Amino acid sequence: METFGKEKEQGERILDYEKIVATSKFQQLIQKKRNFIVPIIIVFLITYFLLPILTGYTSILEHKAIGWITWTWLYSLGLFVMVWVFATMYVKKAETFDRLAEEIIEENIK
């Protein structure tokens with residue numbers, strides 16, 4: 001029977017997850033991830049929900065920007081660009097998080 005949180009084998013290595021979670025390095029890793037992810041989530045949600053609000057309750061985005069293209073189209077296209085930029089940023093930053101997590105695991109192998 002597997003015990004959750006206590007010890008778990010990873011190949012030939014045994015890790016004490018409760019001990020790892022209590023380390024300052026792990027707490028720093030969690031804080032770094034939170035400091036990176038939370039602002040991105042806030043910006044995403046604000047810009048995402050602003051589109052239906054602006055189109056449903058105002059006529060600001062109905063004005064023509066370039067030729068027949070209205071600001072609604074440009075705003076929508078900007079949302080796609082924003083998602084790709086955020087995804088790229090996260091993938092690059094995740095490499096750092098993975099490296100730090102691997103260091104923490106290596107330090108706590110029994």
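1. A residue is called buried when its relative accessible area is under 20%, exposed when over 50%, and partly exposed in between (1.4 Å probe, protein chains only). Of the 110 residues of the protein, 17% count as buried. The model is predicted: local features need pLDDT of at least 70, side-chain atom pairs count only at pLDDT 80 or more, and totals for chains, interfaces and linings use all residues. Residues are numbered from 1 along each chain as its sequence is written, and side-chain values use heavy atoms, with hydrogens and water left out.

2. The protein has three helices and four strands, arranged along the sequence as β-β-α-α-β-β-α. These elements are DSSP runs numbered from the N terminus (helices: H or I, at least four residues; strands: E, at least two). With contact defined as heavy atoms within 4.5 Å, 58% of the contacts between residues at least 6 apart in sequence join residues at least 24 apart.

3. Helix H3 (residues 71–107) comprises 37 residues and spans 53 Å from its first C-alpha to its last, close to the 54 Å expected at 1.5 Å a residue; the expected span is 1.5 Å times one less than the number of residues. Its buried residues are Tyr75, Leu79, Met82, Phe86, Ala94, Phe97, Ile104 and Ile105.

4. Beyond residues up to four places away in sequence, tyrosine 75 touches Thr47, Leu50, Leu51 and Leu61.

5. Leucine 50 lies in helix H2 (residues 24–57) and counts as partly exposed because its relative accessibility is 32%. Leu50 also belongs to a nonpolar surface patch with Val38, Ile41, Ile42, Leu45, Ile46, Tyr48, Phe49, Ile53 and Tyr57, about 990 Å² of accessible area together. Patch members have over 30% relative accessible area and no salt bridge; nonpolar side chains (Val, Leu, Ile, Met, Phe, Trp, Tyr) are joined within 5 Å, like charges within 9 Å. A salt bridge is a side-chain nitrogen of Lys or Arg within 4 Å of a carboxyl oxygen of Asp or Glu. Areas come from the Shrake-Rupley method with a 1.4 Å probe, and for residues only the protein chains shown count as cover.

6. Asparagine 108, in the segment after H3, is buried because its relative accessible area is 9%. Not counting residues up to four places away in sequence, asparagine 108 touches Ile14, Leu15, Lys19, Ile20 and Thr23.
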